[in-house]
Number of protein chains: 2
Amino acid sequence: MKTRIIGLHDLARLVARVGLNALMDGIIERLARAFADPAFDRRDLRARGGLHYESPHLGLLEWMPHLARGRSATIKMIAYHPDNPTAYALPTVLGHIGRYDVRTGHLVALIDGVFPTALRTGAASAVASRILALPASETLGLIGAGAQAVTQTHAISRVLPIRRVLAFDIDPRVSKSFPDRTRFLGLDVRAAPLAEVEQSADVLCTVTSVAVGAGPVIEGRRLKDHVHINAVGSDFSGKWEIPCDVLKASLVCPDFPAQAVVEGECQQLGPAEIGPDILNLASSPESYASWRERRTVFDSTGFALEDHVALDFLLDMIQTHELGSDLEIESIPDDAQNPYDFLGDSARAG
Amino acid sequence: MKTRIIGLHDLARLVARVGLNALMDGIIERLARAFADPAFDRRDLRARGGLHYESPHLGLLEWMPHLARGRSATIKMIAYHPDNPTAYALPTVLGHIGRYDVRTGHLVALIDGVFPTALRTGAASAVASRILALPASETLGLIGAGAQAVTQTHAISRVLPIRRVLAFDIDPRVSKSFPDRTRFLGLDVRAAPLAEVEQSADVLCTVTSVAVGAGPVIEGRRLKDHVHINAVGSDFSGKWEIPCDVLKASLVCPDFPAQAVVEGECQQLGPAEIGPDILNLASSPESYASWRERRTVFDSTGFALEDHVALDFLLDMIQTHELGSDLEIESIPDDAQNPYDFLGDSARAG
């Protein structure tokens with residue numbers, strides 16, 4: 001029984017054939033459907049676990065499991081090593097995702113974890129923005145103009161009539177290179193001062209790596225009355241991006257409430273101050289239509305259901321386009337009582 | 001940066017080149033050394049976690065992580081699906097192992113998990129038997145003659161002068177096929193009644209899948225005074241193989257005490273009745289030499305350190321013999337601020 005190994009060149013070939021927009025659109029639609037699916041069982045949301053270490057560098061190797069009961073399971077392994085760029089010229093985050101058939105436990109597929117995560121994190125903001133942002137939103141503001149800003153811009157521009165993108169980063173080189181990194185979108189993208197971004201944005205995405213205790217990253221005094229904020233950067237206890245008073249005056253919708261109160265913007269709120277989660281929003285978007293004229297915040301911490309849904313879509317595409325390599329990795333002896341059976345004649349050699 | 005994917009055919013080629021004995025001997029020596037290593041940090045022993053489900057079949061998808069602090073991490077994914085043989089003509093257990101570089105989080109290698117587990121479980125019994133069994137042991141007894149009996153016999157015959165193997169299984173077909181499955185060892189192997197196995201064995205391995213509450217699997221009345229027992233089958237709360245009075249009259253040595261008291265023979269004992277663990281044994285084997293004349297039990301529940309050590313050895317062999325396929329799986333953009341960078345020109349197509 002074979003495992004489909006999907007290499008980076010397979011992903012590049014897929015994008016060359018169908019385009020990035022087809023991938024982003026597909027994941028947005030699949031996520032919106034999954035969030036709204038009444039069969040979706042919240043008991044299947046699992047906490048992540050991991051190995052933490054300090055030597056030779058600070059590091060974290062995490063597993064993020066998701067069980068689609070009766071069908072399949074997804075386990076994303078994601079590694080954070082903040083010294084990677086300086087010490088090894090590697091990105092801070094590396095990862096891969098395994099897909100399992102829960103009928104048998106078989107490893108069905110293995111694929112990169114970072115590209116699907118980038119797509120699904122953008123797509124989740126698009127799902128929330130389509131429900132909560134002003135439908136005529138033309139100006140997207142970005143606080144933080146790194147890798148995630150690219151996919152946020154891509155995803156949100158697929159669901160709203162964005163014409164103008166204003167980006168601010170504390171590192172001017174990052175702000176400066178952002179228009180080039182988003183050129184493929186054909187939008188009017190430029191770097192702008194923080195104050196201009198805050199006061200111009202119909203939709204605002206905060207995608208910073210602000211340190212614990214150093215937030216918030218916006219002032220929040222000149223925001224539009226109808227602004228919808230996707231708060232994406234917060235992913236650690238003590239880390240947040242949005243001023244508490246802005247949150248308290250907004251409808252704050254977490255993706256996964258149990259996680260958001262630990263590592264998201266919801267850390268700053270009491271239980272009664274937290275609004276409906278993304279599953280509630282997606283299940284009855286029209287109930288929240290009046291909020292399009294008012295301030296709303298999507299508190300996006302990222303959860304394994306999103307990886308699972310993105311992977312479902314990517315594997316369908318990989319299958320359709322006959323990409324990836326099928327390899328026999330798991331030992332499946334013909335004789336279950338002989339662990340050396342798969343070796344054939346070589347086992348008898350001793 | 002590439003990941004070494006080791007397929008089943010790579011393992012078969014490795015065995016064809018070096019022989020099964022070289023693999024078993026190498027893992028026995030590496031395990032003995034690792035268990036005795038004073039630098040080995042017990043804090044790095046981690047509990048396993050997993051997804052349990054009942055539909056469409058009973059199943060368990062477990063992760064077993066091990067961190068070799070400062071060097072590498074191993075995560076074994078192991079799936080138990082007892083309906084696999086009848087429903088899908090597949091083995092009950094499927095699995096694979098990932099090896100990570102903890103400097104960067106990079107997935108270094110991916111390999112089958114079942115064959116290494118079989119080898120290391122046999123090898124752990126060999127390490128314990130070499131310390132605790134009578135050095136002149138000639139008769140090996142097996143209670144349970146399935147897959148694990150093959151690797152127990154193989155491993156123990158590598159460290160003791162075994163000439164005769166007597167095997168009992170509650171399924172006569174399994175007893176009957178056992179000599180054929182161990183023919184490559186060139187030993188005198190035959191099926192025998194339970195009583196004969198018990199009274200003849202210098203070393204006895206219990207490798208059954210006895211149900212919860214249905215143990216013990218031996219009577220324990222006619223055991224030799226010097227018998228060394230490797231109790232391997234117990235892996236679940238309420239499941240055990242050895243009569244309580246035999247345990248209480250023996251030196252009982254668990255592999256991983258915290259796990260053995262939950263799912264091993266040590267469930268039947270109080271803390272004061274549990275002997276040194278395998279790390280203690282291997283660190284000063286001569287301190288336990290007097291026990292070779294007396295009854296001893298190795299309570300083997302299996303732990304992730306064993307997988308890690310076995311994988312270290314197998315990866316060295318794979319490297320030496322230039323086996324496996326190197327594939328780029330993890331997305332590593334040249335521009336860390338551009339998640340679409342690895343796609344090259346295809347990303348610009350939109």
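The model described here is predicted. Helix 1 of chain B, spanning residues 8-18, packs on the sheet and touches strand 1 (3-6) and strand 6 of chain B. The direction of helix 1 makes about 75° with that of strand 1 of chain B. Helix 4 of chain B (residues 114-132) also packs on this sheet, where strand 3 (59-68), strand 4 (72-80), strand 5 and strand 6 of chain B are touched; the angle between the directions of helix 4 and strand 5 is about 90°.

The sheet that holds these strands is open, with seven strands in the order 2-3-4-5-6-1-14 (chain B) and mixed pairing. Strand 2 (49-53) and strand 14 (325-327) of chain B each have a single partner strand, so one side of each lacks a neighbour in the sheet. On average, neighbouring strands are turned by 15° against each other, direction ignored.

Another open sheet of seven strands, in the order 9-8-7-10-11-13-12 (chain B), shows parallel pairing. Strand 12 is joined to strand 13 (residues 296-299) of chain B in the parallel sense over four bridges, and Val252(B) stands opposite Val297(B) in strand 13. Helix 4 of chain B packs on this sheet, touching strand 10 (203-206), strand 11 (228-231), strand 12 and strand 13 of chain B. The direction of helix 4 makes about 160° with that of strand 11 of chain B.

Methods:
Residues are numbered from 1 along each chain as its sequence is written. Chains are lettered from A and ligands numbered from 1 in the order in which they are written. This is a predicted model: local features need pLDDT of at least 70, side-chain atom pairs count only at pLDDT 80 or more; totals for chains, interfaces and linings use all residues. Side-chain values use heavy atoms; hydrogens and water are left out. Two strands pair if DSSP finds at least two bridges between them. Helices (H or I, at least four residues) and strands (E, at least two) are DSSP runs, numbered from the N terminus. Axes are lines fitted to C-alpha atoms, for helices over the stretch in contact, and angles run from 0 to 180 degrees between N-to-C directions. Contact means heavy atoms within 4.5 Å.
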